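Dear colleague,

Please find below the structure that I am handing over to you. My notes on what was found in it follow directly after.

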Amino acid sequence: MIKKIKFITTVPKLKIKERLDKIISILFNQYSRSKIKQWILDNNVKINEKIINEPKKKVSGGEIISILKNIEIISPLEPQNIFLNIIYEDNYIIVINKPCNQVVHPGAGNLNGTILNALLYHYPKNSKLPRAGIIHRLDKNTTGLMIIAKTVLTYNKLITAMKSRNIIRNYEAIVIGKISSKGTINQPISRHPIKRTSMMVHPKGKLAITHYNIIENFPNHTHLYIQLDTGRTHQIRVHMSYIKHPLVGDPIYNNQKYILKNTSKTLIKTLHNFNRQALHATKLTLIHPINNIKMTWTIPKPHDMINLINLLKSNKKNKI
């Protein structure tokens with residue numbers, strides 16, 4: 001439901017000055033920080049009745065913030081009894097294996113059925129944590145490992161570790177085209193100026209670094225092992241598309257036409273029907289935020305990717 005709404009609030013007293021977009025995202029945590037940043041850039045935010053269009057503007061406390069915007073009203077987040085595939089759990093952290101076709105955090109068009117809704121049901125205390133303890137996200141149709149905090153202390157330490165690149169995330173992907181050697185993509189990423197749900201490589205974007213190694217080459221595809229230094233939205237998908245090797249099945253960034261030579265009919269049909277990006281978060285490594293023990297989790301690829309890889313191997317062997 002779209003309504004013209006006005007939010008007015010007073011910034012509580014702060015120990016140190018904080019960015020405007022960060023404070024608003026805390027005060028109105030049902031909306032993402034990226035959405036709030038856009039409100040500010042679009043001149044929809046005032047401080048003490050003066051329009052401020054700088055997200056990085058510092059506030060110290062006591063300021064009156066007002067927001068006037070046509071927005072989609074997001075209902076309060078509801079706990080929902082949704083299955084969580086828990087790989088590891090202790091008093092401080094949870095590691096889950098996220099399935100395909102599940103959104104991590106509610107947003108416009110996806111208010112229910114998310115990982116966050118499930119966390120609020122199974123872990124009611126997580127309602128007191130930012131984003132219910134979610135440290136990082138995976139795209140709706142990306143599968144694999146995610147870590148979630150269970151306490152405020154753990155959340156803060158994990159966020160710091162993520163920013164310091166001390167949480168290592170490894171992925172497996174199947175891309176179109178034959179890649180000859182390992183490499184690193186160091187290209188900044190920003191939101192697309194017209195397609196607002198998409199991202200793009202842009203010189204004024206945020207730092208984004210992706211490392212990739214070859215697991216196996218096929219006649220028209222490559223199975224990759226990928227490690228992220230940064231965690232930008234759609235980073236792997238954008239970077240692989242940028243070097244002209246988009247992920248198999250990517251509905252947004254695989255917009256190039258490829259001629260598949262020496263390919264079996266079975267494989268062509270499977271590729272045509274592969275309706276998600278072939279991307280899986282297969283390994284997660286970190287130092288436990290409380291006991292300081294190095295921990296690593298790995299998870300097998302989902303059946304659709306295993307089946308695709310087996311067909312690629314068979315096609316390569318038979319050279320059909």
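Tyr 88 is partly exposed, with a relative accessible area of 23%; buried here means under 20% relative accessible area, exposed over 50%, and partly exposed in between (1.4 Å probe, protein chains only). The model is a predicted one, in which local features need pLDDT of at least 70 and side-chain atom pairs count only at pLDDT 80 or more, while totals for chains, interfaces and linings use all residues. Residues are numbered from 1 along each chain as its sequence is written, and side-chain values use heavy atoms, with hydrogens and water left out.

Tyr 88 belongs to the one aromatic pair that a search of the whole structure finds. Its partner is Trp 297: the ring centres are 5.5 Å apart and the planes stand at 45°, so the pair is tilted. Trp 297 counts as buried, at 7% relative accessibility. Because Tyr 88 lies in strand β7 (residues 86-89) and Trp 297 in strand β17 (residues 294-298), the pair ties together parts that are 209 residues apart in sequence. Strands (E, at least two residues) and helices (H or I, at least four) are DSSP runs, numbered from the N terminus.

Helix α5 (residues 235-242) is largely enclosed by the rest of the structure, because seven of its eight residues are buried. Among them are Arg 237 and His 239. Just after α5, Lys 244 takes a positive phi of about 70°.

Arg 237 is also in contact (heavy atoms within 4.5 Å) with Gln 277. Gln 277 sits in the loop between α6 (265-273) and β16 and counts as buried at 2% relative accessibility. The side chains of Gln 277 and Thr 142 are joined by a polar contact of 3.1 Å. A polar contact is a pair of N or O atoms within 3.5 Å; within protein, one must be able to donate a hydrogen and the other to accept it, and residues adjacent in sequence count only if both atoms are side-chain atoms.

Most residues other than glycine have a negative phi. Asn 101, in the loop between β8 (93-98) and α3 (115-122), has a positive phi of about 65° and is exposed, at 54% relative accessible area. Asn 292, in the loop between β16 (279-287) and β17, has a positive phi near 60° and is exposed at 58%.

Yours sincerely

Notes
Phe/Tyr/Trp six-rings, centres within 6.5 Å; stacked < 30°, edge-to-face > 60°. Lists of a residue's contacts leave out its neighbours within four places in sequence.
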